[in-house]
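This report goes through two chains and the places where their parts meet. Please look at the structure first.

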Amino acid sequence: MKIRDLEALNSVRQQGLTKYKPARPRIAVGLGTCGIGNGAEDVYQAFTSAVHTLGADVQIDRVGCFGFCAEEPLVNIAIPGKPLVILNRVKPQEAERILTEVLAGTVDQARALCKIQSWDHLTGVVDFGEGFPDIPEWNAIDFYKGQKKIVLRNCGLIDPEDIEEYIAVGGYKALLRTLRNAEPERVIEELKTARLRGRGGAGFLVATKWESMRNAPEGQKYIICNADEGDPGAYMNRNEIESDPHNLIEGMIIGAYVMGASEGIVYVRAEYPLAVHRLEKAIAQAQAYGLLGEDILGSGFSFHLSLVEGAGAFVCGEETAMIASLEGRAGRPRPRPPYPSEQGLWGDPTDINNVETWYNVPVIVNNGGRWFAQTGTERSPGTKVFSLVGKIKNTGLVEVPLGTPLKTFVYDIGGGTGNGKAVKALQTGGPSGGCVPVDMFGTPVDYEALAQLGSIMGSGGMVVMDEDNCMVDVARYFVEFTHSESCGKCAPCRVGLDHCLRILNSVSEGRATEADRDALEQLGPMIRDNSLCGLGQSAPNPVLTTLRYFRHEFEDHIQEGNCAAGVCEELFLTPCENSCPLHMNIPRFIQLYKEDRLEDAFESVIMDNPLPASTGRVCQHPCDDRCRRAGIDDAVNMREIHRFIADSVYGTEMEESVLKRLLERKMPPSGKKVAVVGAGPTGLASSFYLALLGHEVTVYDENSEPGGMLRFALPEYRLPKAVVATEVDFIRRLGVEFVCNIRIGVDKTPQSLSKEFDSVFLALGTWEASPIDLPGVQCTGVYHALHFLDEVAHGKDLRVGQRVVVIGGGNAAVDSARTVARLGADVTVVYRRQRDDMPAIPEEVDEAAEEGVKFMFLAAPHRVISDGQGRVTAIEVQRTTLGEFGVTGRRRPVPTDEILRITCDSVILAIGERVDTVFTGGSSLDLNRDGTVKVDRYSAETNLHGVYAGGDLVTGASNVSNAMSHGKHVAEMIDERLMGENRFAALFGSYTYSDELPDEPVAGGRNSTPLLPPEERRKSFEEVMLGFSPDQVSHEAHRCLRCDVKDECRVGAAAE
Amino acid sequence: MPNQVKLKIDGEYVEAKAGESVLDAARAAGKFIPSLCHVKGLTPVGACRLCMVEVAGIPRPMPACTTTVQDGMVISTVSEKLTRYRQMIMQLLLSERNHVCAVCVSNGSCELQDMASKLGVTHSEFPYRYPRLPVDASHPRFVLDHNRCILCTRCVRVCAEVEGANTWNIMSRGVTSMLAADLNGNWGDSETCTMCGKCVEACPTGALAVKGKAVEEMTKNTDAVSRLATARGGTQQ
């Protein structure tokens, strides 16, 4: 049946509406490629057979995709008179139950993702009905909030294989109007008003392109739709064609009419079989209805549309290469000018637009350019579809107004990484784009703003990267891609990218030098400026942006051979070893333990980590986050294993035997004297190694006993003083002298020490409380957390009273609160964000709650109230709400007007610590503004010759294992300087142990150490974590997958 | 004259024919612009990227061979940046395959060698790739040494545009691109090759040579190819 006029179109429309909004229930399964990949085809079959079994009068349909990939398969339920309900993650076995409910006129409201009461297809509104109050409206859920569906207006709602449903929602109306009015110039005027820009990435004004085509001499002209979507991680065009193919056809017919073209070609990737299938079907239907072919809609205008499948070359997305490919030649670009609008396919004027550009045409014709320009920004109006993928919770297709800031994509819509890891960067524009770092997530997405950052908008791929992504590897990956997709015509791209790839491979394998990095920086702009086509011109973007924004990662790889993200396999032993600040050889001590070689295991542990029993209790265990066992069940509890090993050895004959071994290994006296200031974890770690290296080490500390934070800040119930004492004693017996009660800056200065000693290592902690602007802070009964913990550790009897409020959310806050609980008081922790945002170790927070510590979230201190004698009587806190996301993905606490008063006797402030700068003793030591010491990033030397600094003094308040890693590193640096050669590696012994692995990993989940019961905990300062039993440690050791045992098979960069 | 345009090259006013390339106009005005893929009369392809010049108002350098003169155009053929870029591209070409002059038939009369020396490039700072590529000696008169090829496609164009035989083309892509006779058979088995030898004369290096020539013995007559191509009308753009 050929449609020839409005009446006929309207009658098809009515016909279509009976299918789109039938009088009986309709169940439509989202069957895009993504849905099918998630089992939607099985769901569809299940519904079909359920209808058959139940003999139900229900229409089962296939629709495209509604965009929320993470929640596939999606199923639309439309019960007449009720809202359209979208169910997510539907399983085939649920079909019968859902169908039964639908027959009863309802759906399981708790199970639904969202509902649509009324949908504006922009070419027509469809009202489904009202009801289901418990289901949120579609744009009320995070993923769709902030989205605006213009291009995707029909996707996931209509049956893409039925032209009548497209017509039902107002399709082909714009075409009819254009042909009827016979005013092609008006379409161009509307496009001009709309300021629609090409959606393929370059952002050229569509009206300008169309106008020059229209003005080209009459004769054969072609229009082409570029559907050769090839960016890794981008699939907008595929989904658009799969879900709404007629929209593309309508846009192209209008374009053909305006430009005077009689032939059109859709160039689709052959890798998109479903899109090809649906488009072919749509073209056939359009022909049957008189919308394509001769005399379209009775207007006399003829247009033929065909489909060509691309053979898979990325470069064929470049328009001149695409034309070459269409002409049957190899897909290689040629220089422009002449532009395709002058000389295109077969030498005739040709217009090429991206899929999404065509999709915007019917709706602009229908609703006007002015309407379109209301969305988006002044220079980039309209919306853009992005595929949001990578390390993100809510993956999917996202259509938002241009100008939306990047953080909205990542946090509001995407929901962050969803695994607690921090987002590091966002890659836009695929291999032609760049990596935007987190601190620039405030940037609005439009053509110009992204170009300024060195990236491009491209066709719309957005890949989120977190701390587990190595930026060197990311750059390497994209260059590997463009390198293999380069056509080879021009020398800069062909040979230049080959050199880039070789250099990046060498960086990721730790073989590169700084000269190599400089060569990369030279090659990048040269390739960009001199390549023939867009592929080469943009191929260096991933390298140049990572070099610009993540330079330190390149430095780490080149100078330290370190890949912090744990990606570049050549640079580390295992992911756990790589994530450990001390780089402990974890699989080794686990294997030695398994082989019953406790002494060897202990020696291995203590040589890597001089305080194994202390860190075994209090380390933040970053190893857990990288353990590959987590892919099976849970991470191996490595921290508890080395604690067990240490606890089993200390105080036994084995301790003496290992001490003897180390003393035998100790290098002969060097005659060099080293002063270490601060006997905390940093100083202890450095003195351990410096002593073994044969130097005469003196450690100064202002306290009465060595141990620093371990001894005086960490409460007894977490880390018993006796454990610290044992470990300090072990180090003392290696030949380290501890001099206590000496305050640097007062009793001695860095200068006086550097006269007395060959090297000085400043390893002080951050004991000074950060300043706070809080009225009443000077009242009696207000404590700073570290001072409070310090006084308790010194055994002072602090009269904190009956009710105590702790302000803060870090470890110091939780330690203070749990200590107060043990002193018998009622304690409340007040934190301005939410529980999940607390920087404290989560287990510690759980344990605190078990011990009766109360938490008040979303509240910030307002003022401290005191009585006539200046004693604290209460604290006023101000309620906060969580506002907008900051660029790092945490919502900003915003104060409200609500003030609460909490009656209390004491207030403990745990809001951060800083360096007390007294230690400089008036020396010319270079400090940062926050009081931390400036050091060379790799040698750790300060501006004073022979004076080094490390630990919290350099980084600001951190944690035990980070601090110790500084101490270990500085010991190596000092020795290298004093002795003129690097002797560090010679300290470490080697062990022979089995590399045999069982065929199947040992079963069983992670063991946790038993805890003291909460009721007993409150009564005393007894240690809470009791440590593994021998059975537990043995099972835990066997859970290790031994990632250090590697096959010869090499992949990725190393495969070359 | 309507067919004449005026432009400024390196500060000098130059008249040129409308439709002419910047390269031709500049060379006619006595300017030196390096190039390797260009042969006057053959379709310019802009492949070697040595002829890049700066055009006022355009942020990136433009290839002189494929850029058409326009009235009022302001061009610089020399700048610190252009020199650096050209030297780098020359080094890329030298590092790509095996350009060991001492054992090459074209030593002493090689355009690649000449151009390197004009650009002051004596060696490549990028590591030499030294791929092991075959030598096709199947042809009765000529020999193709892929190791010397710089993929300028002069042979491809002269064969297609002047001889009309279409024997040559480039196969594969990226850094693995290779010159191929017919459907990648032996040159000697080619059914299309007329043995005219124009490709050999057009080749700027020792990649295509007359069989039997020893080191330094191969000289090319590219000018003759150019005259032939121009005489048959050449390609306008």
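## A loop residue in chain B

With 13 C-beta neighbours inside 10 Å, B:Tyr130 counts as partly exposed. The cut-offs are these: a residue is buried if 20 or more other C-beta atoms lie within 10 Å of its own, exposed if 12 or fewer, and partly exposed in between, with C-beta atoms placed from the backbone. B:Tyr130 is in the loop between α3 (111-118) and β6 (135-136) of chain B. It has a positive phi of about 40 degrees although it is not a glycine.

B:Arg49 also has a positive phi, about 65 degrees, and is not a glycine. Its loop runs between α1 (22-28) and β3 (52-55) of chain B. B:Arg49 has 30 C-beta neighbours inside 10 Å and therefore counts as buried.

## Basis of the model

This is a predicted model, in which local features need pLDDT of at least 70, side-chain atom pairs count only at pLDDT 80 or more, and totals for chains, interfaces and linings use all residues. Residues are numbered from 1 along each chain as its sequence is written, while chains are lettered from A and ligands numbered from 1 in the order in which they are written.

## The two chains

Chain A has 40 helices and 31 strands. Helices (H or I, at least four residues) and strands (E, at least two) are DSSP runs, numbered from the N terminus. The C-alpha atoms of chain A fill a box of roughly 100 × 65 × 60 Å along the principal axes. Of the 1056 residues of chain A, 55% count as buried. Among contacts in chain A with a separation of 6 or more, 73% join residues 24 or more positions apart. Two residues are in contact if their C-beta atoms, placed from the backbone, lie within 7 Å.

Chain B comes to six helices and ten strands. Its radius of gyration is 18 Å, close to the 18 Å of the globule rule for 237 residues, so chain B is as compact as a globular protein of that length. The C-alpha trace of chain B spans about 50 × 40 × 30 Å along its principal axes. Of the 237 residues of chain B, 44% count as buried.

## Where the chains touch

The contact takes 23 residues from chain B and 20 residues from chain A. On the chain B side, helix α2 (residues 80-96) gives the most, with seven residues. By class, that side has 14 nonpolar, five polar and four charged residues. Ala, Val, Leu, Ile, Met, Phe, Trp, Tyr, Cys and Pro count as nonpolar, Asp, Glu, Lys and Arg as charged, and the others, Gly among them, as polar.

## Helix pairs in chain A

Helices α10 (residues 245-259) and α11 (residues 273-288) of chain A pack at about 55 degrees, with their axes 9 Å apart. Axes are lines fitted to C-alpha atoms, for helices over the stretch in contact, and angles run from 0 to 180 degrees between N-to-C directions. α10(A) and α11(A) are therefore oblique to each other. Angles under 35 degrees count as roughly parallel, over 145 as roughly antiparallel, 65 to 115 as roughly perpendicular and the rest as oblique. The crossing of α10(A) and α11(A) is right-handed. A crossing is left-handed if the near helix is turned anticlockwise from the far one by less than a right angle, and right-handed if clockwise. The contact residues include A:Ile249 of α10(A) and A:Leu279 of α11(A).

The axes of α34 (residues 785-793) and α35 (residues 811-822) of chain A come within 9 Å and cross at roughly 45 degrees. This crossing of α34(A) and α35(A) is left-handed. Among the contact residues are A:Phe788 of α34(A) and A:Ser816 of α35(A). By class, the contact has seven nonpolar, two polar and one charged residues.

## An enclosed helix

Eight of the nine residues of helix α24 (residues 586-594) of chain A are buried, so α24(A) is largely enclosed by the rest of the structure. Its buried residues pack against elements including α25 (598-608) and α40 (1030-1039) of chain A. Just after α24(A), A:Asp596 takes a positive phi of about 65 degrees.

Methods:
The radius of gyration is taken over C-alpha atoms; the globule rule is 2.2 Å times the number of residues to the power 0.38.
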